[in-house]
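Hello,

Here is the structure for you to look through. My notes on it follow below.

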Amino acid sequence: MHKTDLIEKIAEATGATKTTTSEIVNAVFDTITATLKKGESVIILGFGGFSVANLKARKGRDLQTGKEIKIPARKAPKFKPSANLKDLIRGKKKKK
């Protein structure tokens, strides 16, 4: 599913216009991105959490030449699904 498909589905489910829905979806993504840029986490109960992982510098290999290269330290976004989301995807019934 692409972002436009998501916007379309949400617009159908809520009865809102695609323009309004697009603005809301973009605002949600922008807010999550800005929060992660600050190094903070975003937790959505029942869905999962977004965080930033600090990856250490490491050695790698250039696949074309086979030479060893240095991969610098970096930050990467990370998503951890909630147990509820995992259960729904696996087809398990939701606990009451």
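Ile24 belongs to helix α2, which covers residues 18–37. This is a predicted model, and the notes below should be read with that in mind. Ile24 has a relative accessible area of 52%, and because the cut-off for exposed is over 50%, Ile24 counts as exposed. Together with Val28 and Phe29, Ile24 makes a nonpolar surface patch of about 260 Å².

Helix α2 also has a place against the sheet. The helix lies across β1 and β2, and runs at about 35° to β2.

The sheet itself is open and has three strands, in the order β1-β2-β5, with antiparallel pairing. The edges are taken by β1 (42–44) and β5 (74–81). Each of these two has a single partner strand, so one side of each has no neighbour in the sheet. From one strand to the next, the twist averages 25°. In general, strands of a sheet pair through backbone hydrogen bonds, either parallel or antiparallel. Here, β1 pairs with strand β2 (residues 48–55) in the antiparallel sense, over three bridges.

Next, the charged pairs. Side chains of opposite charge can pair when their charged atoms come close. How many salt bridges does the structure hold? There are two.

One of them joins the side chains of Glu8 and Lys18, at 3.6 Å from N to O. Glu8 lies in helix α1 (residues 3–14) and Lys18 in helix α2, so this pair ties together parts that are ten residues apart in sequence. Are the two partners buried or exposed? Glu8 is partly exposed, with a relative accessible area of 35%, while Lys18 counts as exposed at 52% relative accessibility.

The other salt bridge is between the side chains of Glu68 and Lys59, with an N to O distance of 3.9 Å. Glu68, at 48% relative accessibility, counts as partly exposed. Lys59 counts as exposed, at 62%. The two labels differ because exposed means over 50% relative accessible area, and partly exposed is the range between that and 20%.

Regards

Terms used
Residues numbered from 1 in each chain as written. Predicted model: local features only at pLDDT ≥ 70, side-chain atom pairs only at ≥ 80, totals over all residues. Heavy atoms only, no water. Patch = residues over 30% accessible without salt bridge, like charges linked within 9 Å, V, L, I, M, F, W, Y side chains within 5 Å. Areas by Shrake-Rupley, 256 points an atom, 1.4 Å probe, with all protein chains shown as cover. Salt bridge = Lys/Arg side-chain N within 4 Å of Asp/Glu carboxyl O. Helix = DSSP H or I, 4+ residues; strand = E, 2+ residues; numbered from the N terminus. Buried < 20%, exposed > 50% of the residue type's maximum accessible area, 1.4 Å probe, protein only. Pairing = 2+ DSSP bridges. Axes fitted to C-alpha atoms, helices over the stretch in contact; angles between N-to-C directions. Contact = heavy atoms within 4.5 Å.
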